[in-house]
Amino acid sequence: MSVRPDVGLERLIHGLEQELLEAADEEFMAGAHDLGMNPQSRGSAAFVGVKDFGPQLVSALRRACEERRPRDVDPD
Amino acid sequence: MAKRQTMVTTREMAGGMEFVQPPAARALAMRLVTDCDLLRLKVIARLHGRSLPPDISWADLLQEAFARVLDGSRTIPPHVPAVAFLAGVMRSIKAEHWRRRRRAAAQQPALAHEYQVVAAETAEACDPQPDPERWLIAAQQLQAIGTLFAQDSVALQIIAGLGDGLTAEEIRRTLGMSKTDYDSARKRMRRALIRAGLTLGVKQ
């Protein structure tokens, strides 16, 4: 690549995004099935971070709860 | 509705303890998108997430794009597919994020000056001043994407062409590929991208 990394990456992402926009629905379903996921089932792992809170949010919520816990405890 | 100034990050949501249904799920319930659209947008979000700093996840980007459409701050024009529009919103949010970072970096003139000494040698003259963090993330992610296609030499050549801003036709001509071979390589690339985009894990 003959350009600055940030410029090259954005151009690459744009090009790959077009590929993904043009891909058939079946390719996404097949991709999920390849990974052992069934997007048609309720609570499918394919939708982690999309239909539910993602792993980072769950982790952040857990940290937030842990940080609050000491204040909730009655010192007496 | 006034446009939000900051992106809703998972951390901020946790701080506010907002236990609400994610915007993407609400959009699905409203039939703005389908399940398959969500899969496609997840893969696209993870792709865009590659050029964001680690404190902002692809899920933040995706949910923020949906949130802006749902709250009316971004309206899907008639005849524009929702998925393509949401992908555009993600691009816009990302650009907005880096603009904010650039403004913040301008408050550190010493660091910026030292960086410019190194960066000036390879930077394109017409581009705005590069952000050191963005430069580093981009270099790492270009390498990561290269690793994703490490077993496919044709895909690697196509990637290099896309990074150089070439069109599909220009890449095909440069590589001397038939349309069939090129389409076959694109299909392999899409498959790898989709797998990478749907696989479990926090990292993009």
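## Interface between the chains

In the predicted complex, 46 residues of chain A are in contact with 57 residues of chain B. On the chain A side, the elements that contribute two or more residues are α1 (5–22), α2 (25–34) and α3 (55–72). Of these, α1(A) supplies the largest share, with 15 residues.

By residue class, the side of chain A that touches chain B comprises 28 nonpolar, 7 polar and 11 charged residues.

## Packing of α2(A) against α3(B)

Helix α2(A) packs against helix α3 (residues 35–49) of chain B at an angle of about 75°, and the two axes are 9 Å apart. Because angles of 65 to 115 degrees count as roughly perpendicular, α2(A) and α3(B) are assigned to that class.

From α2(A), the residues making this contact are A:D25, A:F28, A:M29 and A:A32; from α3(B), they are B:C36, B:L39 and B:R40. This set divides into 5 nonpolar and 2 charged residues, with no polar ones.

## Confidence

For the complex, the predictor gives an ipTM of 0.79 and a pTM of 0.79. Chain B has an average pLDDT of 83, and 77% of its residues score at least 70. Within chain B, confidence is highest in α3(B), at a mean of 97, and lowest in helix α1 (residues 10–16), at 48.

Definitions and conventions:
Residues numbered from 1 in each chain as written. Chains lettered and ligands numbered in written order. Predicted model: local features only at pLDDT ≥ 70, side-chain atom pairs only at ≥ 80, totals over all residues. Contact = placed C-beta atoms within 7 Å. Helix = DSSP H or I, 4+ residues; strand = E, 2+ residues; numbered from the N terminus. Nonpolar A, V, L, I, M, F, W, Y, C, P; charged D, E, K, R; others polar. Axes fitted to C-alpha atoms, helices over the stretch in contact; angles between N-to-C directions. Parallel < 35°, antiparallel > 145°, perpendicular 65-115°, else oblique. pLDDT = per-residue confidence, 0-100.
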